[in-house]
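User: I am new to this structure and would like to learn how to read it. Could we go through it feature by feature?

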Amino acid sequence: MRVAGLDIGSRTVKLAVVEDGTVLHTAVTYNTHDPVAVCNHLLEGVAFDRVVSTGYGRHLIGSHLGCEALTEIRAASLGARHLLPTVRTLLDIGGQDTKVISLDADGRLQKFEMNDKCAAGTGRFLEVMAVALSYDMGEFVDAALTAPRAQQVAAMCTVFAESEVIGAVARQVPRDELALGLHQSVARRALGLLRRIPVRDDVLFCGGGARNAALVRLVREGLDREVHVPADPQVVAAMGAALEGPAPPPGERPAPSALPRA
Amino acid sequence: MSEYRQMWADLGLDLDKHDALLAVLGQAYQDVYLSQEGRPEAMGYFDFVMSEVHGLRIEELMDAKAQGRPVVGTFCVFVPEELILAVDGVCVGLCAGADFGTEAAEAYLPRNTCALIKSVFGFAAERVCPYLAAADVLVGEYTCDGKKKAYEELTALHPAVWTMDVPQVKDEWGTERYRRELRRFAGQLEELSGREITVESLRHGIEVVGAKRAALQRLSRLRQAVPSPVSGLDGLLINQISFYDDPARFTASVNTLCDELEARIAASEGVAPASAPRILLSGCPMAVPNWKVHHLLESAGAVVVGEESCVGDRGTQGTVVPEGDTVEELIDALVERYLTIDCAIFTPNPTRARHAQAMHREASAHGIIHYALQFCGPYQVEATGFERTLEAEGVPVLRIDTDYGSEDTEQLRTRMEAFVERIRP
């Protein structure tokens, strides 16, 4: 059976098509005010037998496409286990939230933590800060990687941090040092969440945040252990959703009709 | 409810804002409660009470006042209803659970005040709560810092605010302090009502409240059955209503419901399949109409099987043993029972986690959600040790911090669904 996994996130929508454990196709696109249209567009011309959704929009899409939904926590776990069967610890930095997940040796969800309801410590935080420093995302990451030292940014709140950055720019603080300080702030936040769960090898870092080389380096340094980053870290949850698709164990999940609609 | 408009106007309510509040409440009740399937028939009484929450019950309070019976508003399970009944008074719990009047409340309180306190001020400042307006006196107890300082500000919104100290340590001095406070409270009530508290009248109060607690404890035990004979939402609602309904009528109605639940259990009839994940809630009180967490959980296919909360077993546990030949001895019996309440304001407070663990086991639950209101220092701080203790015992725990707003609904839904995925048997 060919299953399409859709991960409807706050910033991007990801698609992965899986058949018999093989990923046939992946796609990533920005989300808009109309996630249903974005999903339909992603699915155009794609052959599949069923769809499984995850991410913030999972129930909305679920009700439109009549498909099942699972949380991004479970989806990311399934996707990560597929890529790295020995994974026990997962860090997922997305557009709107950061998740840390601890799995037992059999891959069962053991513990998870998520950031609070604001965008502090997420991909969105870095996007806003890049704009405040007039960088595009690539330049912003490069600046953080090459900065000689960091200018600490104390505020975690995206709005307060932006004020702090604007204040620092006005004091002529070099912007590459701010870039590094801002990346450190997000990494610290993620490492703080990881302190609340058991961290065991192997560790996998996924989500859009794992495409950020500066963040990956800071997380590796902070954890002081190997951190695996998949080739396409953004589609891990979409893959997990697709992998969940073919064989839902009987009685494992509520019928789609029992799920709340967004 | 148009027949009550004159009464509301006489109470000084802002009728337009009050209409808006009732419209929101009515819609929420429809969406959250009346849409549930397979509810016990005996829930009809509680639906009726909710439909008359600002109507018939307020009329009863006004009738009581006309007969010279004082209406005493309270905010905490440490203010004994027994003493209020002993002067033939009416006790109404005034904790509020609605996201209403926040801006008005912030004229009195800092933004980083918990939603429960803010809600009370919002209701008072916007003049939409007939209970606050009908209360002859409000009794503010010194539990958390937020509440005890807020009562100073509450005097600007109500003409009669009494206060009562509650100890933070359960030792000899704390016990003595609480005993003296209850004696002082008894004296204040006598003065307010013009009635003397006698051994007989206090025994009567103890019996009435004891019967109410016994009925709620019975309900709590029946919720332990697999499959659950009643939803967590309905269980929570009944505990919420216990704070302001007429105690004798309420007790009879809970017992009628319990009879029906026993029949359901005998027939293995449940509101959810026997395989549904079972969750215990533990933490801050949930006052009407705070149904957010239960609604999210039960919408995700789980069943809430109990509340380790002031609005729940923490508030109803224990029994006052009415032994004693003097009023002082009976007050000592109150002190003994009330100081078993394991609120997070106490330090240390090891019995709370043990109590939650016992409830979890007895209800065959699969996990505990620790619920704290943002800016509630006692419960937020206690959450870490609570989680560590119970996870070490093999009890899955999810900590959530939230408020009465709806902006974090989707984030909470994700966490709760993931927790359900974690614990699903």
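User: Is the crossing of α1(A) and α2(A) left-handed or right-handed?

Analyst: A crossing is left-handed if the near helix is turned anticlockwise from the far one by less than a right angle, and right-handed if clockwise. Here the crossing of α1(A) and α2(A) is right-handed. Helices (H or I, at least four residues) and strands (E, at least two) are DSSP runs, numbered from the N terminus. This is a predicted model, where local features need pLDDT of at least 70 and side-chain atom pairs count only at pLDDT 80 or more, while totals for chains, interfaces and linings use all residues. Residues are numbered from 1 along each chain as its sequence is written, and chains are lettered from A and ligands numbered from 1 in the order in which they are written.

User: At what angle do helix α1 and helix α2 of chain A pack, and which residues meet?

Analyst: Helix α1 (residues 35–43) and helix α2 (residues 58–65) of chain A pack at about 65 degrees, with axes 10 Å apart (axes are lines fitted to C-alpha atoms, for helices over the stretch in contact, and angles run from 0 to 180 degrees between N-to-C directions). Pro35(A), Val36(A) and Cys39(A) of α1(A) meet Leu60(A), Ile61(A) and His64(A) of α2(A) (contact means C-beta atoms, placed from the backbone, within 7 Å). By class, that contact has five nonpolar, one polar and no charged residues (Ala, Val, Leu, Ile, Met, Phe, Trp, Tyr, Cys and Pro count as nonpolar, Asp, Glu, Lys and Arg as charged, and the others, Gly among them, as polar).

User: In what sense do β2 and β3 of chain A pair?

Analyst: Two strands pair if DSSP finds at least two bridges between them. Strand β2 (residues 12–19) and strand β3 (residues 22–30) of chain A pair in the antiparallel sense over eight bridges. They form a hairpin with two residues between them, and Asp20(A) in the turn has a positive phi of about 50 degrees. Glu19(A) stands opposite Thr22(A) in β3(A).

User: What is the strand order in the open sheet of four strands in chain B?

Analyst: The order is β2-β1-β3-β4, with parallel pairing. In chain B, β2 (90–93) and β4 (161–165) stand at the edges with a single partner strand each, so one side of each has no neighbour in the sheet. The twist averages 30 degrees from one strand to the next. Inside this chain, β1 (residues 71–74) and β3 (residues 137–142) pair in the parallel sense over three bridges, and Thr74(B) has Val139(B) in β3(B) as its bridge partner. Helix α9(B) lies across β3 and β4 of chain B, running at about 150 degrees to β3(B).

User: How many residues of helix α7 of chain B are buried?

Analyst: A residue is buried if 20 or more other C-beta atoms lie within 10 Å of its own, exposed if 12 or fewer, and partly exposed in between, with C-beta atoms placed from the backbone. In helix α7 (residues 115–125) of chain B, 10 of the 11 residues are buried, so the helix is largely enclosed by the rest of the structure. Among the elements covering them are α6 (102–105), α8 (130–134), α9 (145–154) and β7 (367–373) of chain B. Just after α7(B), Arg127(B) takes a positive phi of about 55 degrees.

User: How many residues of chain B are in contact with chain A?

Analyst: 16 residues of chain B are in contact with 15 residues of chain A. Helix α19 (residues 409–423) of chain B gives the most to its side, with nine residues. By class, that side of chain B has two nonpolar, five polar and nine charged residues.

Definitions and conventions. Contact = placed C-beta atoms within 7 Å.
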